[in-house]
Amino acid sequence: YNGNFIMSISLTEHDFIDLGELLASIPEEFEPMEADYLDGFLTALVCLPTTPAPSAWMPWVFDREGRDDAQIRNQAMQLHLEDLVYRRYRQIERAILRGLPVDPIIYEDEADTPQALEPFASGFLEATKHWPDLIRSKSPLVQSALIGIFRHLPPEQIGDMAQVREELDAETPLEDLESAIADLEESVKEIASVTRAKRASRKSNIR
C-alpha cells in the first residue's frame with residue numbers, strides 16, 4: 001500500500017458494487033470486511049486526532065487478523081480494490097470536513113430498521129480497538145457521542161453498554177432507520193468537532 005492511488009473522487013453506484021464484490025473475492029483463508037462494516041471502520045479512522053497511514057490500516061480491511069498476504073490473487077483487481085477503499089475513505093473524510101452526512105452503506109435487505117447500522121457500529125468499534133485515542137479521550141462530548149454510535153452494536157458486542165442502550169431507547173427511542181441514521185451522523189459530527197479541531201491546532205503549532 002504505497003499510496004499511489006488515482007485522483008480521489010466519490011464512488012459511484014457501480015463502484016460500490018465493485019467494492020463489495022472485490023472484498024468477497026479475497027481468498028477464503030482470510031476474512032475481509034464487508035462494505036457496510038468498512039464504512040464504520042473508515043469513519044472512525046477519519047475521526048481520530050491523528051490518522052494512521054493507509055499502510056497501517058489497510059491490512060485490517062482485507063483480513064480480520066491483519067495478515068499482509070490477504071490479497072486478491074489478480075494484482076490488477078487487488079490494486080482496484082485498494083483504490084476503491086482509499087477513495088471511500090477520502091469521500092467520508094470530505095463529508096466530515098464539510099459537515100455533511102456520512103451516508104453509511106446500507107444493504108437493501110436490511111434497510112427498514114435501525115439494526116441495519118449494526119455493521120457500521122461494529123466497524124467503528126474495531127478501529128477504536130486498534131487505535132484507542134477516541135476511547136481514551138477525556139472530552140465529555142466525545143464520550144457521549146461514542147455512546148450514540150455504540151448503541152447500535154449487535155447484541156453479541158454490546159456488553160456493558162446494554163443497560164445504557166436500554167436507557168437511551170427509553171429516553172430517545174429511534175423508531176426507524178431514518179431517525180437512527182440522523183442520530184448516528186450527529187454523533188460522528190460531534191466527535192469530529194473535537195478531534196478535527198485538535199488536528200488543526202496541531203498543524204498551526206507546527207507552522
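Predicted model: local features only at pLDDT ≥ 70, side-chain atom pairs only at ≥ 80, totals over all residues.
Modeller: Rings of Phe, Tyr and Trp count as a pair if their centres lie within 6.5 Å.

Colleague: Which residues form one aromatic cluster?

Modeller: The cluster consists of Trp57, Tyr86 and Tyr89.

Colleague: How many aromatic pairs are there by this rule?

Modeller: The count is 5 aromatic pairs. One of them joins Trp57 and Tyr89, whose ring centres are 5.4 Å apart, with 40 degrees between the planes, and this pair is tilted. Trp57 belongs to helix H3 (residues 54-62) and Tyr89 to helix H4 (residues 75-97), so the pair links distant parts of the chain, 32 residues apart.

Colleague: Are Trp57 and Tyr89 buried or exposed?

Modeller: Trp57 is buried, with a relative accessible area of 0%. Tyr89 is buried as well, at 6%. The cut-off for buried is under 20% relative accessible area, so both values qualify.

Colleague: What kind of pair do Phe124 and Phe150 form?

Modeller: Their ring centres are 6.1 Å apart and their planes meet at 75 degrees, so the pair is edge-to-face. The cut-off for that label is over 60 degrees.

Colleague: Where do Phe124 and Phe150 lie?

Modeller: Phe124 is in helix H5 and Phe150 is in helix H7 (residues 140-150), so the pair ties together parts that are 26 residues apart in sequence. Phe124 is buried, with a relative accessible area of 0%, and Phe150 is buried at 6%.

Colleague: Let us turn to H5 itself. How many residues has it, and what does it reach from its first C-alpha to its last?

Modeller: Helix H5 covers residues 118-130, which is 13 residues, and reaches 19 Å from its first C-alpha to its last. That is close to the 18 Å expected at 1.5 Å a residue.

Colleague: Why is H5 described as largely enclosed by the rest of the structure?

Modeller: The reason is that 10 of its 13 residues are buried. Among them are Pro119, Phe120, Gly123, Leu125 and Glu126.

Colleague: On another topic, what secondary structure does the whole chain have?

Modeller: The protein chain has 10 helices and 0 strands. Buried residues make up 48% of its 207 residues.

Colleague: What is known about its contacts and its surface?

Modeller: Among contacts between residues at least 6 apart in sequence, 75% join residues at least 24 apart. The chain exposes about 11100 Å², and carbon and sulfur atoms supply 50% of that area.

Colleague: Now Met77, please. Where is its place, and which residues is it in contact with?

Modeller: Met77 is in helix H4. Leaving aside neighbours within four places in sequence, Met77 is in contact with Leu22, Ser25 and Ile72. Its relative accessibility is 33%, so Met77 counts as partly exposed. The C-alpha atoms of Met77 and Asp18 are separated by 9.9 Å, although these residues are 59 residues apart along the chain.

Colleague: Finally, where does Ser137 lie, and what does its side chain reach?

Modeller: Ser137 is in the loop between helix H6 (133-136) and H7. Its side chain reaches the backbone nitrogen of Ser139 at 3.1 Å. Ser137 also touches Val142 and Gln143, not counting residues up to four places away in sequence.

Colleague: Is Ser137 buried or exposed?

Modeller: Ser137 has 14% relative accessibility and therefore counts as buried.

Conventions: Residues numbered from 1 in each chain as written. Heavy atoms only, no water. Helix = DSSP H or I, 4+ residues; strand = E, 2+ residues; numbered from the N terminus. Expected span 1.5 Å × (residues − 1). Buried < 20%, exposed > 50% of the residue type's maximum accessible area, 1.4 Å probe, protein only. Phe/Tyr/Trp six-rings, centres within 6.5 Å; stacked < 30°, edge-to-face > 60°. Contact = heavy atoms within 4.5 Å. Areas by Shrake-Rupley, 256 points an atom, 1.4 Å probe, with all protein chains shown as cover. Polar contact = N/O pair within 3.5 Å; in protein donor to acceptor, adjacent residues only side chain to side chain.
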